[in-house]
Each structure stands twice: as structure tokens, then as C-alpha cells.
Amino acid sequence: MTLDRRSFIKVLGSASGLALAGCATQGSGPAVSAGSAAEIMPKTTRRVVVVGGGYGGTIAAKYVRMLDKSIEVVLIEANDHFVSCPFSNLYLGGILPSLDPLTIKYDKLAANHGIKFLQAMVTGIDATAHTVVTTKGTLKYDRLIVSPGIDFRTEEIEGYNDQTPELMPHAWKAGPQTVLLRKQLEAMKDGGAFVISIPLSPFRCPPGPYERTSMVAQYLKHHKPKSKLIVVDANPAIASKGPLFSAAWDKHYKGIIDYRKASKVTAINAGNKSVIIEGIDEVKGDVVNLIPPQRAAKIAQHAGLVGPDKRWCPIVADTFESTLQKGIHVIGDASIAGAMPKSGYSANSEAKVCAQNVVNLMNGKPIVAMSGINTCYSYVTTDEAISVAAVYTSKDGKIIAVPNSGGVSPKDFSLAKTEATFAKSWLNNILTEMSS
Amino acid sequence: MKLKTSLASWALVAGCTLSGAALAAAPTPEMISFACAGCHGTNGGSAGLTMPSLANQSKSAIVDAMKKFKSGDRPSSIMGRLAKGYTDADFVAMGDFFSKQKFHATTQSLDPAKVKKGADLQEANCSRCHLDEGKDGKDDTPVMASQWLEYLKMQAALYDSGKRKMPKDMADKWNKLSKEDREALLHFFASVK
């Protein structure tokens, strides 16, 4: 593995090679550029490098600096802004007029906390030499925190190629893909069929596809009532908040949503604009939102952080240090964080746990047992939302939900309007925390 | 096969020990409280609108609120579900952490006439418990200054509906006030910096 990585870095050093997504907001297009071998920002003091400026990375960078100002923090992100996946379904459904309220920049965060922000693509990591290779040069680190987000296992869908995201947007990384899918939805004729394909768990944001279903359905109900929404779900049942979503769909979108469980898309037919279920049934759509199965971002795969499942990164519960590469910590969707779901709030909470124990490790202090939270709201109509919440702790080296705590909203939707306002405050606070 | 299984389980045990799980110190007040900041703002300074600031809040008010969320005495959506994940000692740790954070002054669009009216009313009605214009709390009386108006309105509505129970001293005063007076008080407390 080490050899592979080294030769990989060498290839990049010789000015050719495929750049890897080292960020949470990577666009859909394949960016091809080379890493540079020249060292930039020579290390003069203790340094933590954070890769990825999304829900996890921004918070990890900020909290390391909040906890110990003597540690230098460099945050590396490919883009100069970040678009939140949470709430992007509301844009898709036409409730939010633009993605602007979901977009943050890094300047205030960097200035407020003395974080050095480097806009670059991470193309390689050498765990032995404690070096990160980027498109702008190499950097040394004492500890590395990687919050790289997800990549798609498109090879599991026959016929999927570089053009497929344009034809059948995934919109599972908020930004241009979300805008594209919205445009296709708006352009769809009344009476058309909108298809959502949901991959097998685990994937980023377990309730996300079902909130999306609700948001597209409410748009169709109000603007294109003759249309159908066909949901083909690879899972045996709705993967999160199932009874609540089912009840909401029955109440509000009967006749619009055609939900088909245990329907795994194994191939596409681009010419027909259709998806093929288990190699047999063909489902044709005027608009197709194909969300492919997922794994940790490419940089995690190439840095040797991905475990035997070849998908996600195993970590030590209290520190989020990789069990495979010393000195590298993995947080957010890419990590196997036990009972914690792959959500924005989980990433926020994991980042804080990780930051505290990275600082403890660097200062020779004892590791502190983790304590974390997930809270997640999903809209089901224009002004109603449901939630799931849980508290996490570590036990025998595993992250578990605290027994007899947490849970979902009441079944009668008595709090749904209130929770919709709470959801907005959730977004406001979490994005403010990330950007200031 | 048997040998393999037993070796594997030994490796697992060793892995757990090496991972630091057995060695980790109990969660600190920071470890427990940082997790709240995703909704309540960094160090408890909320960006609004329905999430209360916890920064500089009275320690006993936080402990009391968390206990009531946990028991269901105080109505909530997710707070009750979250509170069940913590012990009384955790609540004390949270109270300890947030009470030590810097006061979080907010800038809100408020009605100046209501703020002025509320300032006059609070002196006679609230100031015995909500000390120093709501900047200080007595015992488990919460700090009110600079809380977001939306949050204060939601709590007032819960009190008025009877879903959230008022302390007797408060009920004696609050229930005698008109709707307009109550709203003026909320504007006043939200304005205090």
C-alpha cells in the first residue's frame, strides 16, 4: 500500500495524473490537473492540516484553533465556497429561490480564528512522510484531519459514463448538479414522469432521498398535477424516518408518489432515458435523478484510509484516527462512525470530538471519551418538517447511541409546523458556526 | 477454524485496548457541550431565530431546563429526546460550561415603542428574579437579556397555552398583564445588551 501511494505521488510529481477530489463540494466534472512536488508553506511550528471545507472540515479547523492557538491550522479546500446539501431539496422543490442561503465562504472563518486557508486540490497523501500533495505544492503536517465527503460507485451501474450526471443528475453534492436537476424538473411537461433512484445504505444523508421525494411531490402537486413521481429504492424499506415519510406521502401526495421498495438500479439506458431494475424491469422517466451507490471520496481511497469493505474509512471511536494510517484522522461521511449516521450534524459533532483529541494527543494529554449528537430535520410539505435526534457515546471502542434516548417526531405531525421553523434555525446556526 | 475464531476475538480485544477506548478519560464539560453548538451556536451564542443562546446562562437554569426536558415537564420537540441521552452529572457539566461563556449580545429588529414600554413594566414585574434587566439570573431563573425575540415568543405561547408551567411567582405577575404588555416585555428583554 505504501509503495502504491509513493509511486502515485511520483506520477503526480512528474506532472501528469488524475487529480482526486479532496473536498466536500467537488463539482461533477472530472478535474484533471497535476500535483506539485515543491513544498509550500514550510512548517515552522506544530501544524494540523485539514482536508475538505464542508460540514466536518470547517469545524475541525476552527475547534483546533479555539482549543490551542499555538497549533497552526491549514484548511485545504478545492473551492472558494461551500454549498450545503441540507436544505438543497427545498431549492429543488422551489421553496427556496436560490442556493445563496445555503452557500458559505471561508474568509470570515479564517480571519476570526487565524486559520490558513489554501484553495487547492489535494492529489495525494503520504502518511509515512506526513505530507499532503496539492495542486499548489506539498505541505508537511503533524496530524492530518480528512473530511473529504463521498465518491460514487458508478461502476456498479452498467452504462454509466462521464455524460450520465448531465443526463441523469445525482444532485447529491449540492451546487451545479442541484441547479441542473431543478431546471430539468421545471422544464418537464405536466403529465411527465420524474424518477428518483435511491442506492443501498449506507449513503450520505439517510433521510435525504425521502425528503427529496416529498419536495418534488409537493412541486408536482402544485405545478404539474398530472405528473407521476416514481421512486425506485434499492433498500428493503424507507431507510430513515420510514413511518413518518409514509404517513406524510399518504396524506399529501396520494396518486403522485409511486414508491417501489427493493428496486435496485443495476443499469441505465441513456437512449431511452431509463433505469433498469435488477437487470430486468425498465423504468423510463422524463427526468431521472439517479443517486448512485457511494463510498469515501477518492483521496481517502488513494491514501489507504479505506477499510476491507473497499468503501468507507475505519476509525478509532474517541479520536477518529484511522485504524490504517497513523496520524491521519477521518471524519464526516467518509468515516465508519459506528451508530452515527452520515449527516451534516454528525460531521459537525465528529469534528469537535476529533479536534479535542487531536489537541490532547499533540499536547501529551489523555484522550477524552467521545460525546456526540445528531439532529436532522426533513421537510415533508412547504411548511412542515420531521426530525430525528440522538446522543452518542463510545463503549468498548465503538460509537453507540445512548440507550433509551433519541428518536423521531411524534406520529400525529402535531409538531411538524414548529419543527419546520426549528429546521430553519438549525441551518442558520450550523452554517454560521461553519463560516465564522 | 476454532483457533482462527479465538485468535480473531483476541485481536479484537487487543485492538479495543490499543484504540484507547479503555484508557479514555470521562467526557469533559467541553466534550459534552461542544456538541450542542451546531444548533445553539459556538460556545452557546445563537445566531437565531428560535434557538436560545446558552452563553452566560445561569448554571442552575440550564440544569433545571435539561431535567425538565428529560422528564417531559417542559414541552419540546427534540430537546426531550436529546436530554434522555444524558445524566444529571452531564447537565451540571453543560451548566458549568455555558455559564462561563461570554454574554452573547444580539442585534434584532425590535419595536422601539414596545422596548420602552417593556422597560417600564419589567421594573415592577420581573426585576426581583430576572436581575439587572434580565442580564443575571437568580437561582434557576434564566438570563433573558438579548435572547432572540422569536424564541421568547414561542416560550410565551407555551406558557399561555399552559403547556409550559410557570413558577408561581411569575404566574402571579404574568397572568395579570395584557397581551400587549407581555409582548412589550419580550421586546424589552430581547433588546438588552
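Residues are numbered from 1 along each chain as its sequence is written, while chains are lettered from A and ligands numbered from 1 in the order in which they are written. Because this is a predicted model, local features need pLDDT of at least 70 and side-chain atom pairs count only at pLDDT 80 or more, whereas totals for chains, interfaces and linings use all residues.

Reader: Over which residues of chain A is the pLDDT below 50?
Author: The pLDDT is the predictor's confidence in each residue, from 0 to 100. Chain A averages 93 on this scale, and 92% of the residues score at least 70. The stretch with pLDDT below 50 has 81 contacts in the model beyond near neighbours in sequence, a contact being two residues whose C-beta atoms, placed from the backbone, lie within 7 Å. That stretch is residues 1–33.

Reader: Which element gives the most to the side of domain 1 of chain A that touches domain 2 of chain A?
Author: With bounds that come from an automatic or database domain assignment, chain A is divided into domain 1 (2–152 + 296–366) and domain 2 (156–292). In the contact between them, 23 residues of domain 1 of chain A meet 25 residues of domain 2 of chain A. Helices (H or I, at least four residues) and strands (E, at least two) are DSSP runs, numbered from the N terminus, and those giving two or more residues to the domain 1 side are α3 (88–92) and β10 (150–152) of chain A. The most, five residues, comes from α3(A).

Reader: In β8(A), which residue is the bridge partner of Val132(A)?
Author: Two strands pair if DSSP finds at least two bridges between them, and an open sheet of three strands in chain A has the order β6-β7-β8 with antiparallel pairing. Its edge strands, each pairing on one side only, are β6 (122–126) and β8 (137–140) of chain A. Strand β7 (residues 131–134) of chain A pairs with β8(A) over four bridges, and these two strands form a hairpin with two residues between them. The partner of Val132(A) in β8(A) is Leu139(A).

Reader: Is Leu109(A) buried or exposed?
Author: Leu109(A) lies in helix α4 (residues 107–113) of chain A, and, not counting residues up to four places away in sequence, Leu109(A) touches Thr58(A), Lys62(A), Ile115(A), Met434(A), Ser435(A) and Ser436(A). A residue is buried if 20 or more other C-beta atoms, placed from the backbone, lie within 10 Å of its own, exposed if 12 or fewer, and partly exposed in between. Because 22 other C-beta atoms lie within 10 Å, Leu109(A) is buried.

Reader: Which element gives the most to the side of chain A that touches chain B?
Author: The contact takes 43 residues from chain A and 35 residues from chain B. On the chain A side, α10 (344–362), β22 (371–381), β23 (384–395) and α11 (416–435) each supply at least two residues. The largest contribution, eleven residues, is from α11(A).
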